[in-house]
Every structure is written in structure tokens, then in C-alpha cells.
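Here is a guided look at one protein model, piece by piece. Keep the picture open while you read.

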Amino acid sequence: MSEAGTFDPVRIGIVSISDRASSGVYEDKGLPALQEWLQRALRNPIRFEPRLIPDEQAGISAALIELVDAGCSLVLTTGGTGPALRDVTPEATLAVAHKEMPGFGEQMRQISLRFVPTAILSRQVAVVRDRSLIINLPGQPKAIAETLEGLKDAQGAQVVPGIFAAVPYCIDLIGGPYLETDESVCKAFRPKSAIRSR
């Protein structure tokens with residue numbers, strides 16, 4: 001970690017959306033799961049901006065705008081992406097979008113379908129707002145890691161790429177900091193022309 005000073009600092013918003021966890025009915029597991037995975041995956045120094053909020057569309061949209069305005073280059077949400085009446089995270093996310101990034105949602109469902117047939121019920125979306133990438137993730141900690149990291153075989157070879165492999169280059173393209181990953185967790189993909197030499 002002594003080399004962390006040579007990496008761009010990044011501010012990341014992490015948002016757990018749950019009526020019951022936000023009201024104290026049960027302990028939130030989403031924020032710790034997001035934070036733990038990002039700390040393993042990224043070599044950059046990270047400043048987290050956590051939020052634990054209920055399934056209210058206006059409140060979710062307001063939190064996303066607040067995090068983007070606070071300088072978060074990446075905002076990850078967990079929860080509220082199914083078909084239930086209270087699941088409004090995708091609507092709240094699309095409401096603040098300047099650009100939609102449909103490939104992220106498509107790939108998340110492909111990964112999840114390897115585990116459960118009900119993955120087709122998930123409605124996760126990803127969008128760009130200003131210079132921030134906002135991605136809706138699944139609600140379960142195990143599914144969060146699988147979605148971000150992808151699937152590997154018994155020998156450690158990538159079977160299905162995780163979505164995070166594309167996140168650093170996306171953030172490059174929208175004017176954010178240069179994110180560097182720990183390749184043992186997740187290898188970021190960039191065209192050769194976009195790779196920063198050390």
C-alpha cells in the first residue's frame with residue numbers, strides 16, 4: 001500500500017437501498033460488501049461516500065445527484081432492482097441520467113443467469129451523469145462480488161467477464177480519475193493507447 005500515493009485518488013458513492021435496513025429492522029450488508037470488494041479490487045486511494053436509504057424514488061434520485069455533485073466518479077447502488085412494487089431503483093437512476101449505458105445491465109443478467117433463473121427478473125441499469133458512472137448492482141453480497149468480478153473456472157481463467165473490467169476505461173472516457181485494479185481480483189481492460197505508462 002506504500003505505492004498508493006502514486007495512484008489517482010477517487011471518491012466513490014456507495015448506496016444501499018432498503019426500507020427495512022434503513023429503518024433498523026435488520027443490519028445492512030450491502031454497504032460493507034461494496035466497500036470490501038472495492039478496497040480489494042482498486043489500488044487507488046478511495047474516499048467512500050456511503051448512504052443507507054429507503055425505497056423511495058425521489059429520495060434515491062436526490063441521493064444520486066448529491067453524490068455526483070460531491071465529486072464521486074463512480075456511484076454503486078445495491079437493492080431495489082426487482083419487479084416488486086417498492087423496487088424503484090432503476091426508475092430513480094434513469095431519472096437522473098444524461099446517458100444510458102445498457103451493456104452493464106445486459107452483462108449483469110448474463111452473469112447472474114449462470115446461478116439463478118430468476119436473474120431475468122432483475123432490472124439493473126447503468127447511466128452516466130456529468131462525469132460520474134452510476135451502476136445498479138444486485139442486493140446480495142455474494143451476487144455483488146460475482147457481478148463485479150465475473151466468473152472464473154477452477155484454474156482461475158475467466159469464463160464470463162465481470163462488469164468492473166470495463167469501469168476504469170468508461171471513467172477515463174467521461175473525464176474521471178485513472179483507476180488501477182489489482183489484477184488478481186479484476187483485470188481492467190483498456191485499449192493500448194489508453195494505458196498509462198509508469
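Let's start with helix H6 (residues 141-149), whose buried residues are Ala143, Ile144, Glu146, Thr147, Leu148 and Glu149. "Buried" means under 20% relative accessible area, "exposed" means over 50%, and "partly exposed" is in between (1.4 Å probe, protein chains only). Helices (H or I, at least four residues) and strands (E, at least two) are DSSP runs, numbered from the N terminus. Before going on, know that this is a predicted model: local features need pLDDT of at least 70, side-chain atom pairs count only at pLDDT 80 or more, and totals for chains, interfaces and linings use all residues. Residues are numbered from 1 along each chain as its sequence is written, and side-chain values use heavy atoms, with hydrogens and water left out.

What do the buried residues of H6 pack against? They pack against helix H2 (30-41), helix H5 (102-113), and the strands E3 (74-78), E6 (132-137), E7 (150-152) and E8 (158-161). Contact here means heavy atoms within 4.5 Å. Just after H6, Gly150 takes a positive phi of about 90°.

## Where H2 meets H6

Two packed helices are described by the angle between their axes and the distance between the axes. For H2 and H6, the axes come within 9 Å and cross at roughly 30°. Axes are lines fitted to C-alpha atoms, for helices over the stretch in contact, and angles run from 0 to 180 degrees between N-to-C directions. This crossing is right-handed; a crossing gets that name if the near helix is turned clockwise from the far one by less than a right angle, and left-handed if anticlockwise.

Who makes the contact? On the H2 side we find Gly30, Ala33, Leu34, Trp37 and Arg40, while H6 brings Pro141, Ile144, Ala145, Leu148 and Glu149. Sort these residues by kind and you get seven nonpolar, one polar and two charged. For that sorting, Ala, Val, Leu, Ile, Met, Phe, Trp, Tyr, Cys and Pro count as nonpolar, Asp, Glu, Lys and Arg as charged, and the others, Gly among them, as polar.

## The six-stranded sheet

Strands of a sheet pair through backbone hydrogen bonds, either parallel or antiparallel. In this model six strands form an open sheet with mixed pairing, in the order E2-E1-E3-E6-E5-E4. (Two strands pair if DSSP finds at least two bridges between them.) The edge strands, E2 (46-53) and E4 (99-100), each pair on one side only. H2 packs on the sheet, touching E1 (10-17), E2, E3 and E6, and its direction makes about 150° with that of E1.

How covered is E1? Mostly: seven of its eight residues are buried. E1 pairs with E2 in the parallel sense over eight bridges, and Gly13 stands opposite Glu49 in E2. E1 and E3 also run parallel, joined by five bridges, with Val15 opposite Thr77 in E3. By contrast, E5 (residues 126-129) and E6 pair in the antiparallel sense over four bridges, and the bridge partner of Val127 is Ile134 in E6. H5 lies across E4, E5 and E6, running at about 25° to E6.

Ser73 sits in the loop between helix H3 (57-69) and E3, and it counts as buried because its relative accessibility is 8%. Not counting residues up to four places away in sequence, Ser73 touches Val10, Arg11, Arg131, Ser132, Leu133, Ile171, Gly176 and Pro177. Ser122 is in the loop between H5 and E5; at 16% relative accessibility, Ser122 counts as buried too. Leaving aside neighbours within four places in sequence, Ser122 is in contact with Thr81 and Arg109.

Asp130 is in the loop between E5 and E6 and, at 45% relative accessibility, is partly exposed. Most residues other than glycine have a negative phi. Asp130 has a positive phi of about 55° although it is not a glycine.
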